[in-house]
Amino acid sequence: MAEDQNKKKTNNPKTYQVRKECIKRKAMELSTLCDIPVCTIITSPQGELQTWPENLDAVKQVLNLYTQNLKPEKKAKELSSSEEEKEKDKGEKDTLTLVESKLDAVNKRICFLKDKNSAAGKDKKQRIE
């Protein structure tokens, strides 16, 4: 019975709305107080994707900064066995590939939402005319 109550709590649209607004507010505060670029990407229980800031160009800039910082810098390698180096390189490549694929999926979703928003804007303009 306790599990049912927990499911009801997490599926409550009001709870989601309150938590989403809190996350957006905290991101805004972090950005303002620390003078750093911040973005949030939030997926609703229905699968709707929302970002903060709503300006998708600002979100892309933060994502680009993120990807630039993920690329491993070339450092002087310590002398060790070739097997250890190969395993380490493989692990780094796997992680980088995973992150790049997720970032690619996010960028595709942003483009989709941008197209969706521009189509919705056209519909509103047509209604006004």
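## Close-up views of a predicted model

**View 1. Contacts of Lys24.** Leaving aside neighbours within four places in sequence, Lys24 is in contact with Thr40, Ile42, Gln50, Thr51 and Trp52. The structure shown is a predicted model. Lys24 lies in helix H2. Its relative accessibility is 12%, and because buried means under 20%, Lys24 counts as buried. One of its contacts, Trp52, is 28 residues away from Lys24 in sequence. In space, the two are 6.4 Å apart, C-alpha to C-alpha.

View 2. Thr51 is part of strand S2. Is this residue, Thr51, buried or exposed? With a relative accessible area of 10%, Thr51 is buried, because the limit for that word is under 20%. The side chain of Thr51 reaches the backbone oxygen of Pro53, at 3.2 Å. When neighbours within four places in sequence are set aside, the contacts of Thr51 are Lys24, Thr40, Ile41, Leu56 and Val59.

View 3. Which residues line the second largest pocket? They are Lys20, Lys24, Glu48, Leu49, Gln50, Thr51, Glu54, Leu56, Leu113, Lys116 and Asn117. Both Lys24 and Thr51, the subjects of the views above, are in this list. At least two lining residues come from each of helix H2 (13-34), strand S2 (49-52) and helix H4 (82-128). Sorted by class, the lining has 5 charged, 3 polar and 3 nonpolar residues.

**View 4. The largest nonpolar core.** In soluble globular proteins, nonpolar side chains tend to be buried together. The largest nonpolar core in this model has 7 residues: Cys39, Leu56, Val59, Val62, Leu63, Leu103 and Ile110. Helix H3 (56-70) and helix H4 each supply at least two residues of this core. Which helix gives the most to this core? H3 does, with 4 residues. Leu56 is a member of the core, and Leu56 is also among the residues that line the second largest pocket.

**View 5. Contacts of Val62.** Not counting residues up to four places away in sequence, Val62 touches Pro37, Val38 and Cys39.

Terms used
Residues are numbered from 1 along each chain as its sequence is written. This is a predicted model: local features need pLDDT of at least 70, side-chain atom pairs count only at pLDDT 80 or more; totals for chains, interfaces and linings use all residues. Side-chain values use heavy atoms; hydrogens and water are left out. On a 1 Å grid over the protein atoms alone, a cavity is a set of points where a 1.4 Å probe fits but cannot get out, and a pocket is an open set with protein on both sides within 12 Å along at least five of seven lines; lining residues have an atom within 4 Å of a point. Ala, Val, Leu, Ile, Met, Phe, Trp, Tyr, Cys and Pro count as nonpolar, Asp, Glu, Lys and Arg as charged, and the others, Gly among them, as polar. Buried means under 20% relative accessible area, exposed over 50%, partly exposed in between (1.4 Å probe, protein chains only). A polar contact is a pair of N or O atoms within 3.5 Å; within protein, one must be able to donate a hydrogen and the other to accept it, and residues adjacent in sequence count only if both atoms are side-chain atoms. Contact means heavy atoms within 4.5 Å. A nonpolar core is a set of buried Ala, Val, Leu, Ile, Met, Phe, Trp, Tyr and Cys residues joined through side-chain atoms within 4.5 Å.
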